Amino acid sequence: MKYTAVQNYINGHFVTPSTDRKLDVISPIDGNLLSTVPMSTNNDLNEAVKAAKAAFPAWSRTPIKERVQVFFRYKYLLEKNLKELAELCSEENGKTYSESVAEIEKCIELTEFAVSLPQLVTGEVLEVSKGVECRTEHVPIGVVASIVPFNFPAMVPNWTIPNAIALGNCMIIKPSEKVPLCCGRLAELLKEAGLPDGVFNIVHGDVEIVEAICDHPHIEAVSFVGSTKVAKLVYQRATKSYKRCLALGGAKNHLMVLPDAKPDMTAQNVAASMSGCAGQRCMAASAMIAVGNVDNIISKICDEAKKIIPGKNLGAVISQESKVRIEKYITEAEHQGAKILVDGRNVTVEGKEYGYYVGPTVIDYVTPEMSVAKEEIFGPVISIMRTETVDEALVIENANPYGNAASVFTQNGGMARYIIDRASAGMIGVNVGVPVPREPFSFGGWNESKFGVGDITGKSSIEFWTKLKKSTTKWNPEAGVNWMS
Ligand code: NAD
């Protein structure tokens with residue numbers, strides 16, 4: 001085992017949980033055992049909540065301009081430790097080193113946004129009648145929880161950590177049991193940056209601990225990022241105990257390619273979107289709708305896909321189970337009559353024979369009722385459907401239950417606008433394969449890709465991580481009593 005057993009992080013210290021139940025942490029790159037992760041119990045969660053609750057009064061009363069100083073230093077520490085963090089991220093998740101570098105760079109951008117929060121939460125004040133002032137202030141909620149998935153071991157935690165904590169909350173994070181290592185390093189960097197003990201805590205585990213978080217009477221808000229099935233469970237359970245909850249789910253993102261699209265640029269973007277992070281991005285292109293004759297572009301997409309080599313510029317998928325699931329989807333589509341133009345099944349990487357690799361896969365002549373057209377595959381696979389018109393393409397896009405992202409490739413601005421207006425997704429790209437809004441714009445899908453109000457990052461996250469205090473004051477003796485008094 002390369003690393004010592006993973007521990008919880010409570011009140012500024014790594015602690016051994018009160019459990020013997022643990023899971024192996026396996027590197028998807030070569031199948032090697034990296035560590036073990038504990039499946040914490042309610043007692044462990046209670047300890048973390050106790051620490052967070054104790055830290056809350058002092059942290060929430062620290063002025064925000066002082067609180068964000070921690071994140072100026074944290075940003076510097078992310079930069080200083082970028083290489084080491086990226087290596088750890090690749091090791092536990094399987095993505096390529098350059099993808100992990102991009103992930104840490106995104107953590108830095110997320111932190112940059114958090115340090116700008118004092119400029120955005122100034123509140124409002126107005127003299128509403130003679131000598132009477134109304135004021136609104138954003139105040140922290142209390143102890144909050146963040147439950148995160150495996151596909152971005154550092155970035156998704158940083159969707160919530162800097163904003164929620166800079167806004168004055170104390171947090172408990174539940175990392176994915178598949179990638180628990182990065183969060184521990186983030187805890188060390190937060191402490192080095194000067195975050196007081198108890199403000200940030202980690203409790204590892206699986207279903208049991210997620211359910212305990214949803215039920216805990218002293219956790220005020222829960223954010224969740226993961227599959228739609230679990231997002232629904234978490235949203236229902238957390239709101240049942242009257243918590244505010246924002247639960248981001250899975251995705252099936254459609255790219256619409258029109259005949260006037262720039263062939264080379266489109267092919268490069270489509271191939272990069274479907275294969276980046278081995279297709280394990282909630283913003284990955286998963287379905288492509290070829291509108292009219294775009295055979296020349298499809299042929300270029302295949303050429304681009306063939307340049308993406310497992311173990312070189314394509315990382316591993318998270319587990320053997322995922323590899324089997326993805327390959328089953330491809331085989332099923334083949335049996336149903338789709339045409340496999342580029343086949344990523346049964347690949348092995350020399351020297352990494354025990355790694356979980358799937359090559360880039362391009363499937364053509366997919367029909368909307370096939371499972372590869374409807375379901376989230378979460379692998380480097382693109383399913384191409386063909387339509388005669390943009391409206392037919394929109395019918396397919398609108399019918400899918402998810403709504404994270406959609407993109408159009410065209411040189412016609414009017415047509416792009418037509419599709420922006422009609423696609424049923426929270427994030428739309430025009431000639432962009434992965435239309436992630438950059439800070440300060442917020443991130444969040446629609447439909448079955450998100451449950452709850454608002455978005456998880458950017459300006460929209462302020463509403464989720466704070467509550468509004470409204471005060472009405474009268475200091476002027478001349479103000480008197482009016483019709484409202
Ligand atoms: P997952 O839903 O299996 O797990 C997410 C978290 O929930 C983990 O911490 C896990 O321990 C916990 N969990 C798993 N099963 C549970 C259950 N039955 N009850 C309670 N908790 C449970 O997701 P994953 O496989 O880690 O991540 C991949 C999924 O996340 C994909 O569907 C992807 O689209 C989605 N995702 C969405 C976004 C977004 O912004 N919408 C971002 C990243 C990932």
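Reader: Before I go on, what am I looking at here, and how are residues numbered?

Author: This is a predicted model, where local features need pLDDT of at least 70, side-chain atom pairs count only at pLDDT 80 or more, and totals for chains, interfaces and linings use all residues. Residues are numbered from 1 along each chain as its sequence is written, and side-chain values use heavy atoms, with hydrogens and water left out.

Reader: Okay, how many salt bridges does the count come to?

Author: The count comes to 27 salt bridges. Side chains of opposite charge can pair when their charged atoms come close.

Reader: New topic. Which domains does the assignment give?

Author: The chain has domain 1 (8-250 + 444-470) and domain 2 (253-401 + 405-430). Those bounds come from an automatic or database domain assignment. The C-alpha centres of domain 1 and domain 2 are 31 Å apart.

Reader: How many residues of each domain are in contact with the other?

Author: On one side there are 23 residues of domain 1, in contact with 25 residues of domain 2, where contact means heavy atoms within 4.5 Å. About 1,800 Å² is buried between domain 1 and domain 2, and carbon and sulfur atoms give 61% of that area. Buried area is the accessible area (1.4 Å probe) that two parts lose on being put together, summed over both.

Reader: What's the salt bridge count between domain 1 and domain 2?

Author: Zero salt bridges between domain 1 and domain 2.

Reader: Now pockets. How much space lies in the largest pocket?

Author: About 1,200 Å³. On a 1 Å grid over the protein atoms alone, a pocket is an open set of points with protein on both sides within 12 Å along at least five of seven lines, while a cavity is a set where a 1.4 Å probe fits but cannot get out; lining residues have an atom within 4 Å of a point. Grid points are joined across faces, edges and corners, and a volume is the space filled by probe spheres set on the points.

Reader: Which residues lie nearest the centre of the largest pocket?

Author: Lys-178, Phe-224, Gly-226, Ser-227 and Val-230, out of 41 lining residues. The lining has 20 nonpolar, ten polar and eleven charged residues. Here Ala, Val, Leu, Ile, Met, Phe, Trp, Tyr, Cys and Pro count as nonpolar, Asp, Glu, Lys and Arg as charged, and the others, Gly among them, as polar.

Reader: Which element gives the largest share of that lining?

Author: That's α9, with six residues. Domain 1 and domain 2 each provide at least three residues of the lining of the largest pocket.

Reader: And the second largest pocket, how much space lies there?

Author: About 580 Å³. It is lined by 23 residues, and Ala-102, Lys-106, Phe-152, Met-155 and Arg-281 are the closest to its centre. Helix α4 (97-115) gives the most to this lining, with eight residues.

Reader: Last one: which peptide bond is cis?

Author: The bond from Glu-439 to Pro-440 is cis, with omega near 10 degrees. Pro-440 is in the loop between β18 (427-430) and β19 (450-451). Tyr-242 has a positive phi, near 65 degrees, and most residues other than glycine have a negative phi, while most peptide bonds are trans.

Conventions. Helix = DSSP H or I, 4+ residues; strand = E, 2+ residues; numbered from the N terminus. Salt bridge = Lys/Arg side-chain N within 4 Å of Asp/Glu carboxyl O.
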